[in-house]
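Trainee: Could you walk me through this one? I'd like to start with how the chains meet.

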Amino acid sequence: MYTFDYKRPNDTAKAAELLKIEDDGAIMSGGMTLLPTMKQKLAAPSALIDITAIADLQGIDRVSDDTLRIKACTTHANVAASDEVRLFCVALAKLANGIGDPAVRHRGTIGGSVANNDPAADYPAAVMALGRTVITQNRQIAASDFFVGMFETALDEGEILTAIDFARPTRAGYGKFPNPASRYAMAGVMIAQFADNDIRVAVTGAGNDGVFRWTALEEALANEWGIASIDAAAIDEATLLSDMHGAADYRGALIRAMAKEALQAAG
Amino acid sequence: MTTTKFTVNGVAVSAEAEDRTLLVSYLREHLRLTGTHVGCDTSQCGACMVHVDGRAVKSCTVLVAQMQDRAIMTIEGVADGDDLHPVQAAFREHHGLQCGYCTPGMIMTAMDMIRRHGPELDEETIKADLEGNICRCTGYVNIVKSIRAAAQNMAAADS
Amino acid sequence: MRELGVGKPVRRVEDDQLIRGFGNYTDDDVPNAAAFMHVVRSPHAAAKIAGVNSTEARAKSGVLAVLTADDLEHMNIQPIGSKVPYARAGGEPYLATPYLPLARGQVAYPGDAVAIVIAESPGIAADAAELVEVDYELTDFVTDVRAATAESALRVWSDHPDNVCFAADCGDADACAEAFDKADRIVEATYEISRIATVSMEPRVATGSFDRRSGRYTLRAGLQMPHETGRDIAGALGISPHDVHVISPDVGGGFGMKLALYQEYILVLIASRITSRPVRWMSTRSESFQSDQQARDNVSKVALALDAHGQFLALRVKTLANLGAYVGQWSLHVPGGNVGGLAGPYTIGAFDVSVTGVLTNSVPVGPFRGAGRPEASYCIERIVDEAARQMNIDPAELRRRNLVQPDAMPYDTGLVFTYDSGDFPAILDKTLAASDWDGFAARREASERAGKLRGRGMAFVIESAGGPAPRAFDEHVELRFDTSGVCSVMAGSHSHGQGHETVYRQLAAEHLGMPFDQVRVIYGDTQAVTHGRGSFGSRTMMAGGAAFIGAAQKIVEKGRKFAAHFMEVDAAEITFEEGIFSHAASNKSMTMSEVAQSSYIPFILAEDMEVGLWASCASSGGGITFPNACHISEVEIDPATGTTAVASYTVTEDVGNVVNPLLLEGQIQGGVAQGLGQALMERIVVDPDSGQQLTGSLLDYALPRADHINRIEVHSHPVPTALNPMGSKGAGEAGCVGALPAVSNAVCDALAREGAPMPDMPFSPERVWRALSQANAKRQSA
């Protein structure tokens with residue numbers, strides 16, 4: 001790692017101020033992606049602004065019957081173990097429980113994962129399928145507008161993600177095929193059905209531009225909720241990643257297989 | 001340079017270190033607690049596992065500066081004097097280690113696992129929860145056996 | 001002592017320290033004043049070094065020195081070369097490579113060491129390393145072993161005539177050709193045995209110290225053969241071996257990779273001399289993918305000739321072995337030294353075997369668990385399964401028809417090896433029964449009902465242990481009692497996970513009647529242990545065990561004389577049992593420890609008696625032996641994702657007499673996991689366009705984890721060898737040798753049942769899925 005200054009503010013305004021002052025400051029929450037990236041010298045922020053001491057960024061609130069707010073610095077372990085989350089949407093708890101390994105889940109946070117928008121991370125699929133709003137210190141961003149491209153989000157410079165509001169599905173399920181080496185998702189599919197048969201299917205790990213909605217399957221499932229719809233829905237392989245772990249056509253097959261797992265889990 | 005105060009195995013520490021210092025480096029280089037090992041640089045092997053406030057954490061992926069007011073336990077703090085922790089005893093009894101390099105991390109992970117799942121810990125759960133710990137010697141068979149036995153022994157001792 | 005003796009599942013003595021975190025690995029005990037070394041490595045597969053500018057790096061605060069090849073030139077350091085003499089086809093010696101501590105004028109693989117930075121902290125050393133400007137002029141490169149042997153292939157080293165480092169032929173090509181002419185069936189295939197990384201959990205680490213007062217060097221590093229490495233470092237530096245003290249403390253796994261002399265071990269010593277500071281180096285995991293020798297990487301064309309009844313008439317195997325850019329100490333031995341394993345446990349009429357070792361612009365290749373044995377077993381065992389498939393004979397039955405019978409021992413295979421003992425049919429039967437071979441159809445149906453494919457694979461493997469063939473290396477053991485009566489076992493072997501501290505104590509209990517707490521086991525220090533070879537080739541219980549027994553016999557005889565003197569009886573009337581010298585007639589007795597203690601009290605000794613009780617012995621254990629085993633694996637494949645799960649794994653081993661069944665089981669299980677890893681997931685991937693390694697860290701190089709392994713059932717069927725006094729055959733590599741073909745055969749069996757093509761290892765999810773997709777497409781178009 002290159003040298004940097006470590007800061008640990010205890011309110012969001014102070015964190016935002018530090019971010020403004022620093023040449024090239026970076027917000028750190030759990031650090032589970034950022035620190036390994038810095039160890040590989042692929043990132044070299046001048047300062048790390050640790051936001052985990054900010055009390056406002058911790059916790060899970062049921063803000064209304066159909067909205068659950070998870071604050072940015074809530075760890076994956078706490079989401080996975082939360083009764084509140086399980087009652088609201090068990091698929092979300094299960095997704096959190098499948099991120100990394102137990103030690104990563106003890107440190108890694110939802111805010112860090114979503115703000116980073118790693119194309120192989122799990123949470124972007126949850127936010128795209130179940131998310132209502134991404135909240136920052138300045139504004140509320142519609143979840144559907146949040147992810148812009150690989151490692152890119154709608155967050156402006158200096159903007160800190162503080163919480164995410166999730167909408168309550170009538171049913172939902174997540175299927176993940178882990179990379180055999182890194183165990184990140186090679187294909188992760190979240191299927192959620194809301195009232196009025198509004199269906200969302202979000203795919204992570206497999207897209208050239210990061211997480212994406214599989215609209216063909218959404219439409220097919222709206223017509224018929226069943227495995228046959230998954231077999232029939234088209235996937236544009238030109239939009240899928242190809243690397244040494246799997247060519248685009250294989251990733252296409254994985255997406256279908258994981259969609260089936262997700263559907264089965266959703267019930 | 002930041003000064004960070006925390007405890008390691010119950011002993012108060014005031015760590016003065018470069019901000020980029022990883023917890024594992026501080027434990028090994030400054031406190032000479034060398035039972036915590038480094039086996040990779042991508043947070044995957046788990047050889048560096050310690051407990052922070054009772055939870056398993058990879059000490060290669062946290063900064064010592066992040067440890068303010070935390071209670072850290074390393075492998076050296078696991079046994080009660082001469083008396084081994086039941087997890088340690090189980091690893092010995094079931095030949096759960098060969099070269100021993102991954103073992104401290106395995107033991108720290110196993111203790112955390114037993115804390116979370118209790119005596120009902122089954123083979124599938126153990127294997128799933130060992131996702132972040134790599135062993136190159138044993139083929140894991142005896143590690144899984146050791147953890148299972150430890151969970152049962154601890155439950156029996158409690159009841 | 002019987003409960004702690006040979007054959008008992010004694011719990012390991014070394015564990016108590018290791019589970020408490022009190023292990024003593026190389027980097028756990030370092031001098032306070034140590035500086036840190038960082039190696040500047042080539043990012044390119046091939047380039048000329050036009051110049052190195054280290055001015056800025058040297059100027060950085062905290063930097064003690066920056067060294068390049070030019071700075072070392074005056075030292076006249078000798079390059080590292082092969083420890084075993086191999087030759088080219090014309091008889092001239094193998095092509096040597098300029099394997100120097102730092103590359104001079106040219107880099108030949110991505111990772112080649114160009115410069116070192118010595119600094120006050122690892123962070124400063126790493127930061128300064130980025131300031132070292134190396135002016136590379138890129139040149140063409142060749143990484144693929146087939147491409148490197150093409151007529152027009154560019155040469156890795158321009159002063160070589162081509163890239164063929166060595167070639168070895170064995171067997172009888174004419175007899176083989178004749179047998180192929182007469183054959184009823186010829187089965188042919190080409191197998192690619194992928195390149196893999198060892199990934200010992202402790203990366204390679206070294207601390208070098210130069211003592212100005214004595215002019216001696218001390219190297220502390222994780223090594224499998226510390227004495228040999230010390231001698232070789234002395235040779236490279238042109239100094240006396242006496243001036244190199246090597247300490248190899250606890251080592252976090254070796255698996256053959258830590259046998260070789262590496263550049264960094266020489267560099268830390270030189271750097272220490274230059275900076276007058278102890279110098280530490282610890283490779284990061286990513287660096288280990290560039291700087292640790294890799295393994296396997298063969299392409300073998302295999303043909304088996306059979307008669308109508310499935311009798312094996314002849315075997316032809318032509319192997320291209322990728323050696324990487326430099327010839328390491330054991331690089332040539334791996335493809336060349338274990339070809340005898342191709343004969344398997346079978347009677348095969350004739351052989352025509354050739355191995356061509358090829359230099360390429362890739363990481364140098366060296367031994368990894370099995371070191372040529374898994375490769376050989378893979379070739380013969382896959383082709384046998386293929387023959388069974390083509391001839392529609394049960395693969396177990398086809399093997400049975402060709403097994404060497406126990407009454408044929410000793411059996412000269414016609415290909416290097418003569419097997420001394422073994423009962424292959426019994427081992428086959430035992431494994432078939434233990435794995436419920438006949439119940440497979442029902443299990444397959446159950447898998448299919450669950451939407452999965454099921455395959456079954458067998459491998460019957462035999463390997464040489466204690467080699468290299470034909471002449472086994474010796475091992476040395478000294479037994480030294482001190483004035484407290486404690487026995488120190490000073491062993492030339494090295495333990496890096498095998499449990500030697502326990503098994504030598506078991507031998508001490510068995511042969512000297514010594515309780516465990518009265519025995520110390522000392523190894524890995526060339527100053528403490530006079531002579532040693534180290535641990536490799538599954539040899540320690542054969543050679544080290546034999547040396548122990550030889551030394552123990554001397555101790556008993558010396559002790560008997562002492563005891564006779566102390567008890568004032570006739571030595572010939574003294575018996576020694578369970579650690580006690582007894583004289584029945586006088587009812588007198590003394591324990592071994594008492595005799596040892598008394599042997600140091602001068603005034604009670606006779607005048608012609610030498611003070612003290614010690615003895616040593618070096619032994620090669622009577623020659624190489626042939627552990628053998630039958631492995632049966634069943635796999636379940638999810639056709640939707642191509643994921644293979646090993647559903648069951650059964651092994652029956654004949655490793656001769658077993659010293660500790662608990663440790664044997666651990667060795668087999670660990671070996672199986674490594675073979676399974678290579679079969680299903682492990683592979684070094686090189687980008688053909690840049691020559692760069694794409695699998696540069698554990699984010700991209702897949703290793704087996706706990707959820708990949710189900711039960712590994714280990715049975716034993718020992719047929720003791722008469723060659724060594726232990727009756728043991730070696731167990732360290734056996735699991736890995738069998739698992740590679742057994743798991744691969746199981747996947748291929750499942751694929752073949754679907755009419756799918758059989759890709760090469762690793763049978764990764766994508767490859768298996770693709771093979772099944774192709775079969776589906778063919779079915780649909782038909």
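**The interface of chain A and chain B**

Mentor: Across the interface of chain A and chain B the rule finds three salt bridges, a salt bridge being a side-chain nitrogen of Lys or Arg within 4 Å of a carboxyl oxygen of Asp or Glu. This is a predicted model, in which local features need pLDDT of at least 70 and side-chain atom pairs count only at pLDDT 80 or more, while totals for chains, interfaces and linings use all residues. Residues are numbered from 1 along each chain as its sequence is written, chains are lettered from A and ligands numbered from 1 in the order in which they are written, and side-chain values use heavy atoms, with hydrogens and water left out.

Trainee: Which residue of chain A does B:Lys58 form a salt bridge with?

Mentor: The partner of B:Lys58 is A:Asp101, and their closest N and O atoms are 2.6 Å apart.

Trainee: And how many residues of each chain are in contact?

Mentor: In contact, meaning heavy atoms within 4.5 Å, are 30 residues of chain A and 28 residues of chain B.

Trainee: How much do the two chains bury between them?

Mentor: About 2,400 Å², with 53% of it on carbon and sulfur atoms; buried area is the accessible area (1.4 Å probe) that two parts lose on being put together, summed over both.

Trainee: Switching to helix α1 of chain B, which residues are buried there?

Mentor: In α1(B), residues 23-30, the buried ones include B:Leu23, B:Tyr26 and B:Leu27, where buried means under 20% relative accessible area (1.4 Å probe, protein chains only). Helices here are DSSP runs of H or I with at least four residues, and strands are E runs of at least two, numbered from the N terminus.

Trainee: What covers them?

Mentor: The cover includes β1 (2-8), β2 (11-17), β3 (49-52) and β5 (71-73) of chain B.

How values were computed: Buried < 20%, exposed > 50% of the residue type's maximum accessible area, 1.4 Å probe, protein only.
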